[in-house]
Every structure is written in C-alpha cells, then in structure tokens.
Amino acid sequence: MLVPGGPALIEGPVELVSEDGTVVRSDRFQVAMCRCKRSKTFPLCDTSHRKKARRD
Ligand code: FES
C-alpha cells in the first residue's frame with residue numbers, strides 16, 4: 001500500500017540488503033519503506049516526509 005506523499009507499507013518482518021551490502025532488518029508486522037529519500041533511517045521511513053519545506 002502506498003501512503004500519498006509518504007511511505008510504502010509492506011508486510012513484515014523484512015530483511016533489506018542494499019547495493020553496498022548493508023542489511024536492514026525489521027521485525028514489525030508492517031514496515032514503512034521511505035519513498036521521499038529524506039529519512040535519516042533510509043530505507044525505512046522516519047516520518048521526515050511530514051515536514052514541510054520552509055517558505056523563506
Ligand atoms: S517516506 Fe517517510 S521519511 Fe520518506
């Protein structure tokens with residue numbers, strides 16, 4: 001399921017392996033995968049997508 005403007009929700013648990021071999025595991029029953037690339041815990045969503053850009 002895709003959250004509009006937010007993560008992709010997938011069924012867990014998951015084990016993700018990046019191109020450099022880094023392994024990220026989550027034992028949650030539902031895992032939020034970052035699609036905005038602003039997450040400090042990428043590839044997992046940390047809700048950074050909710051932060052609005054400043055209008056300076
Ligand atoms: S989708 Fe949530 S931080 Fe990127």
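User: What share of the contacts in the protein with a separation of 6 or more comes from residues 24 or more positions apart?

Analyst: This is a predicted model, and in it residues 24 or more positions apart account for 23% of the contacts with a separation of 6 or more. A contact here means heavy atoms within 4.5 Å.

User: How many helices and strands make up the secondary structure of the protein, and what pattern does the protein follow along the sequence?

Analyst: The protein has zero helices and four strands, which read along the sequence as β-β-β-β. Its C-alpha atoms fill a box of roughly 40 × 25 × 15 Å along the principal axes, and 27% of the 56 residues count as buried.

User: What makes strand 1 and strand 4 a pair?

Analyst: Two strands pair if at least two bridges are found between them, and strand 1 (residues 8-11) and strand 4 have four bridges in the antiparallel sense, so the two strands meet the condition for a pair. One of the residues involved is Ala 8, whose bridge partner in strand 4 is Met 33. Strand 4 itself (residues 30-33) has a covered face with Val 31 and Met 33, and an uncovered face with Gln 30 and Ala 32.

User: How do you know that strand 2 and strand 3 pair, and what do the two strands form?

Analyst: The condition is again at least two bridges, and strand 2 and strand 3 are joined in the antiparallel sense over four bridges, so they count as paired. Within this pairing, Val 14 has Ser 26 of strand 3 as its bridge partner. Strand 2 and strand 3 form a hairpin with five residues between them, and Gly 21 in the turn has a positive phi of about 90°.

User: Why is Arg 25 called exposed?

Analyst: Exposed means over 50% relative accessible area, and Arg 25 has a value of 59%, so Arg 25 is counted as exposed.

User: Why is Thr 47 called partly exposed, and what is its phi?

Analyst: The class of partly exposed lies between buried, which is under 20%, and exposed, which is over 50%. Thr 47 has 35% relative accessibility, so it falls in that class. Thr 47 is found in the segment after strand 4, and it has a positive phi of about 75° although it is not a glycine.

User: Why does Lys 37 count as exposed, and where is it placed?

Analyst: With the cut-off for exposed at over 50%, the relative accessible area of 66% puts Lys 37 in the exposed class. The place of Lys 37 is in the segment after strand 4, and its phi is near 65°, a positive value in a residue other than glycine.

User: What makes Leu 2 exposed, and which residues is Leu 2 in contact with beyond its neighbours within four places in sequence?

Analyst: Exposed asks for over 50%, and Leu 2 has 55% relative accessibility, so it counts as exposed. Leu 2 is found in the segment before strand 1. Leaving aside neighbours within four places in sequence, Leu 2 is in contact with Pro 7, Ala 8 and Arg 35. The C-alpha atoms of Leu 2 and Arg 35 are separated by 9.2 Å, although these residues are 33 residues apart along the chain.

Notes
Residues numbered from 1 in each chain as written. Predicted model: local features only at pLDDT ≥ 70, side-chain atom pairs only at ≥ 80, totals over all residues. Heavy atoms only, no water. Buried < 20%, exposed > 50% of the residue type's maximum accessible area, 1.4 Å probe, protein only.
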